[in-house]
Amino acid sequence: MELFTLLGKLWQVLLRTVESIAIFMVRIILPPAKKFVKDEVVLITGSGHGLGRELALLFADLGATVVLWDIQKGSCERVAEEIEANGGRAFAYQCDVSDFLAVKEKAKLVRKEVGDVTILINNAGIGYVQPMLSLVSQQVKRTFEVNVFAHFWTIQQFLPKMLERKKGHLVAVSSAAGITGIPYMADYTASKHGVLGLMSSLREELYALDKEHCIRLTTICPVTFDSGFVKRPYSRFPTILPVLTVKEVAQGALDGILREKSIVTLPSWIGYFFNWFRIFPESVFLAFQRFVKHHPLPLMKT
């Protein structure tokens with residue numbers, strides 16, 4: 001009896017796999033339609049500059065109400081003024097997202113002054129570009145506080161209402177560094193791996209709760225781009241692996257969010273490369289990876 005039960009479950013898994021592959025192939029040709037975000041409340045952390053700012057401007061242009069969180073009060077206020085000058089609606093709050101109590105306090109204020117957040121974009125991030133042995137404990141701790149722990153604090157504040165309303169979208173800005181290692185950025189790379197792990201685990205929790213269909217999750221994984229995070233960003237082969245502009249990353253991230261994709265790699269072909277090239281022995285994958293990257297420290301030092 002147990003054998004028949006096991007065979008039945010294996011058959012279900014096989015059918016699910018075939019269905020998923022078929023949908024994947026269709027989506028390559030016919031991507032899902034973009035959803036409308038007019039009147040949605042979109043909260044973006046680290047939105048006073050760089051990618052966060054660009055995403056805020058894009059969502060505001062689509063009619064969303066944008067909530068700006070940044071550790072620098074003046075920065076997010078200037079972005080809010082820019083949005084409002086263009087006819088959009090924005091609310092700016094100073095918040096250190098690594099501080100659990102600060103996140104809890106500001107989340108309560110947002111619910112009171114703006115309303116329930118329907119799209120949460122965890123974008124705030126930091127890192128130190130230096131050799132592993134040069135990192136001090138406070139640097140490593142701070143990287144994880146901002147890049148990983150903050151995701152926990154914000155999700156814990158806004159996910160409950162999304163579950164209650166059976167509608168919501170959680171977005172995490174990770175990095176291509178979260179898929180593969182980058183030299184001289186051990187703290188940053190490890191934290192971005194952590195973000196991928198968090199989102200993967202959360203997806204399984206939502207599936208177990210039968211909420212996966214109403215709470216969407218998207219993880220953004222761009223290569224190095226000119227956000228100002230790394231001075232003089234470098235690519236050994238800029239023709240095939242260009243250093244993207246912050247606007248290009250924002251547009252790609254927005255498209256992935258609106259199409260409710262689970263993982264968005266930028267440029268898109270990077271994701272296919274990482275997935276398919278891993279069928280080769282690890283030594284082959286690593287050799288090719290190192291040939292393409294070739295990141296010398298002097299060119300990446302901030």
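## A charged patch on the surface

Let us start with K112, which is exposed at a relative accessible area of 73% (exposed means over 50%, buried under 20%, partly exposed in between, with a 1.4 Å probe and protein chains only). K112 belongs to helix α4, residues 100-113 (helices are DSSP runs of H or I with at least four residues, strands runs of E with at least two, numbered from the N terminus). Together with K104, K108 and R111, K112 makes up a positively charged surface patch (patch residues have over 30% relative accessible area and no salt bridge, and like charges are joined within 9 Å).

## About the model

This is a predicted model, where local features need pLDDT of at least 70 and side-chain atom pairs pLDDT 80 or more, while totals for chains, interfaces and linings use all residues. Residues are numbered from 1 along each chain, and side-chain values use heavy atoms, leaving out hydrogens and water.

## Salt bridges

The whole structure has 13 salt bridges (a Lys or Arg side-chain nitrogen within 4 Å of an Asp or Glu carboxyl oxygen). One of them pairs K167 with E40, with 2.9 Å between the closest N and O atoms. These partners sit 127 residues apart, K167 in the loop between α5 and β5 and E40 in the loop between α1 and β1. K167 is partly exposed at 40%, whereas E40 is buried at 12%.

Another joins E54 and K247 at 3.3 Å, linking helix α2 to helix α7 across 193 residues. Here E54 is buried at 10%, and K247 is exposed at 52%.

Notes: Patch = residues over 30% accessible without salt bridge, like charges linked within 9 Å, V, L, I, M, F, W, Y side chains within 5 Å. Areas by Shrake-Rupley, 256 points an atom, 1.4 Å probe, with all protein chains shown as cover. Lys, Arg positive; Asp, Glu negative; His and termini not counted. Charge placed at Lys NZ, Arg CZ, Asp CG, Glu CD.
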